[in-house]
There are 2 protein chains.
Amino acid sequence: MGSRLSLLTDQQSLQERTYQALRGALLDGAYLPGERIYEGTVAKALGVSRNPVREAVRRLQQDGLLQVRPHYGIYVTTIPPEEVEDVYRIRGALEATAAALAAERMTTEEIQELSLILAEQKAAAKVAAALPREPVSVVQADRFHHAIHVGAHSPRLLVLLEQIYAQVTHFRNLTLRYPGRAAVSAAGHADIYEAIRARNADEADRRMRLHIDDARQALQHQLDDVARPPGAASHDAGSQTGEGA
Amino acid sequence: MGSRLSLLTDQQSLQERTYQALRGALLDGAYLPGERIYEGTVAKALGVSRNPVREAVRRLQQDGLLQVRPHYGIYVTTIPPEEVEDVYRIRGALEATAAALAAERMTTEEIQELSLILAEQKAAAKVAAALPREPVSVVQADRFHHAIHVGAHSPRLLVLLEQIYAQVTHFRNLTLRYPGRAAVSAAGHADIYEAIRARNADEADRRMRLHIDDARQALQHQLDDVARPPGAASHDAGSQTGEGA
DNA sequence: ATCACGGATAGTGTATACATCATACGCATC
DNA sequence: GATGCGTATGATGTATACACTATCCGTGAT
């Protein structure tokens, strides 16, 4: 069976490459949440000893992507549905901070670049809306957000944002498949862009916060739909009559 | 030279204990920012092999407390003054989120406990103000904040807050030595407490944000003073011009 | 004197071997 | 048949040994 792992580049320490490989695999969803990972298996798949693997695992443990039970095993972190809200509250706070800093610090060139990304996304959303299945690329949304993250000019904040993103990647792939989501997302981005362009940090903060909260709600609806598909009743929660918030 | 390190409890993996020992030493300021750390030295001081040390270091690297230059060495992270603002913006965002969640989720018992902590701090601040040197304990302020962090009932947020706290510990020890700071801090806490008690999440968020921003300003003034002392003083906090913030 | 170059050194990077521990299974017992 | 205990198993935890590489420093040429 083709291993889910592979060492990408050469010219780095095995530990670093192992870290990247494992992290990439986790972000790609190659490992399922809750799945157990064996040091030896990973080591063999990558053709290295267990030592670099262990060090990489410790880093991923600290990233919150893996959970380690001493003397027993390593497990892929799962985010229970009731913690989704928490994660998005955190994400909202960090992204809002990034937006505020971006409004203060982005260069005119960066703002220019941001407007281009926004324009592309708008065009893409328009096309997507016409299609039956909305094959929306998370990539478009990502580019916009990432441009803001970088525009904040804060290495520390960037690191934290990458960590949070790593934790929610799995969910974000769902979110943007919500019908009509692409247009809503693009509209939110336009608002944020305007605030940044106007160098209005407080407003950028506020709008980003709303934008993320919006995404959170879309996601939670999505999760509800998955948990209780149209027909079968799931285990918990006395049936709530479908009312759209 | 009595080693700056010691393995605390038994009954855990050496890696875990090494992590705790190193982290504790870093938080206590036993290692100076920018100082180099040698795996072998740490291992010898703790009486373990280099392997657990390396794994602990990888975790601390991911925590942002250590920086690793491949094939060369490990260094204690330094926070350049110009990044202090960024760190406090991040801290403010996270703490505000914690306060908002606390307002929503704290039990009545936890709120009761919070009011006790606040009362103690007020009393302590009053005493401190009367003393010539204000030996203010960061501990008092910490208890209040920590109670809110726990009251947010979000394990994930708690972890992030601990990480941020670890990064700013060194600075926070300075901040609260600022003259008249204890009283200001206590007043801010009282405001926050009221918002939480009233279950007003938005207000708790706002007030916490202001509170942290306040601390940031105090710290930056403090740093300015240190950088450019009135009459060329020594390294540690000697002369303090008594002016209330 | 300054700069370029190459070996010496010390510390990090990796592999291997062994120790330790949590779990699971089988057996005896109630 | 259900329950509790002891051993077997396999993975993790740790130590040791060796390989590699970035830096430092002495040497020589310009």
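**Two protein chains and DNA strand D**

Reader: What makes up the surface near DNA strand D, by class?
Author: The surface near DNA strand D has seven nonpolar, eight polar and two charged residues. Ala, Val, Leu, Ile, Met, Phe, Trp, Tyr, Cys and Pro count as nonpolar, Asp, Glu, Lys and Arg as charged, and the others, Gly among them, as polar. This is a predicted model, in which local features need pLDDT of at least 70 and side-chain atom pairs count only at pLDDT 80 or more, while totals for chains, interfaces and linings use all residues. Residues are numbered from 1 along each chain as its sequence is written, and chains are lettered from A and ligands numbered from 1 in the order in which they are written.

Reader: How many residues of chain B are in contact with chain A?
Author: The number is 23, and they touch 23 residues of chain A. Contact requires C-beta atoms, placed from the backbone, within 7 Å.

Reader: Why can the copies be said to meet through the same surface?
Author: Because 100% of the interface residues of chain B are also interface residues in chain A.

Reader: What makes the relation of the two chains that of a two-fold axis?
Author: Chain B can be laid on chain A by a turn of 180 degrees and a shift of 0.0 Å along the axis, with an RMSD of 0.1 Å; therefore the relation is that of a two-fold axis. The superposition is by least squares on C-alpha atoms of residues with pLDDT of at least 70 in both copies.

Notes:
Two residues are in contact if their C-beta atoms, placed from the backbone, lie within 7 Å.
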